[in-house]
Amino acid sequence: MKKVILFNFNGTIVNTKLLAIDIFNEIAKKQGYKEISEEEVLHLSTLSIRDRCKTLNVPIYKMPLVGIAIKRRYQTYIPNLKPVLGISEVLKELKKQDYKLGFLTSNNQNKINEFLMNNTINSFDYNHYSFNPFSKSKDISSFLKNMDCQH
């Protein structure tokens, strides 16, 4: 049986949270929403989307548009971001132990390829690109089915 480890790109290979917050704050200034301070990040991550919207004065119906705007803007930054500290070494060690490595992402494929080249990360055997950032469980199932892995 293949030994495969599948990573979520955002948050595991590269940390885009602070960038997303900076971009949200740019949008918040223009739209009159409450900006996110560093101290609030942890608390906000414990809230439901509805409660985050209330806290940040973002109408719930506008949240998908805000999310799309954030994602679209940060795509331009991805090639120049740095990987999560120590992830390159972890990936190399896993390869030495004969694991097949893959990642899931809803980011732009060309931008991810630039990031990987810029950071000389060439450890991945598989990748799965998805348009929908909320379809991770479907993407994992699809990946397992396509790679003939047990689940």
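**View 1. Lys 3 lies over the face of Tyr 99.** The distance to the ring centre is 4.7 Å. A charge counts as over a ring when NZ of Lys or CZ of Arg is within 6 Å of the ring centre and within 35 degrees of the ring normal. The model is predicted: local features need pLDDT of at least 70, side-chain atom pairs count only at pLDDT 80 or more, and totals for chains, interfaces and linings use all residues. Residues are numbered from 1 along each chain as its sequence is written, and side-chain values use heavy atoms, with hydrogens and water left out.

**View 2. Ring pairs join six named residues, Phe 7, Phe 9, Phe 103, Phe 115, Phe 124 and Tyr 129, into a cluster.** Rings of Phe, Tyr and Trp (its six-membered ring) pair if their centres lie within 6.5 Å; planes under 30 degrees apart are stacked, over 60 edge-to-face, and the rest tilted. The count by this rule is six aromatic pairs. Helices (H or I, at least four residues) and strands (E, at least two) are DSSP runs, numbered from the N terminus. Both Phe 103 and Phe 124 are buried. Phe 103 also forms an edge-to-face pair with Tyr 129, at 5.8 Å centre to centre and 90° between the planes. Phe 103 is in S2 and Tyr 129 in S3, so the pair ties together parts 26 residues apart in sequence. The relative accessible area of Phe 103 is 1%. Buried means under 20% relative accessible area, exposed over 50%, and partly exposed in between (1.4 Å probe, protein chains only).

**View 3. Three strands build an open, parallel sheet in the order S1-S2-S3.** Strands S1 (4-8) and S3 are the edges, each pairing on one side only. The twist averages 20° from one strand to the next. Axes are lines fitted to C-alpha atoms, for helices over the stretch in contact, and angles run from 0 to 180 degrees between N-to-C directions. Two strands pair if DSSP finds at least two bridges between them. S2 and S3 run parallel and are joined by four bridges. Thr 105 stands opposite Tyr 129 in S3.

**View 4. Helix H2 covers residues 17-31.** At 1.5 Å a residue, its 15 residues should span 21 Å; the end C-alpha atoms are 20 Å apart, which agrees. The expected span is 1.5 Å times one less than the number of residues. Buried residues of H2 are Leu 19, Ala 20, Ile 21, Ile 23, Phe 24, Asn 25, Ile 27 and Ala 28. Their cover includes helix H3 (41-45), helix H4 (49-56) and helix H5 (63-75). Gly 32 follows H2, and its phi is positive, near 80°.

**View 5. Asp 51 is in helix H4.** Asp 51 is partly exposed, with a relative accessible area of 32%. Asp 51 and Tyr 61 are 10 residues apart in sequence and 13 Å apart in space, C-alpha to C-alpha.

**View 6. Asn 119 is in the loop between H7 and S3.** Asn 119 is buried, at 11% relative accessible area. Asn 119 touches Pro 79, Leu 81, Lys 82 and Pro 83, not counting residues up to four places away in sequence. Contact means heavy atoms within 4.5 Å.
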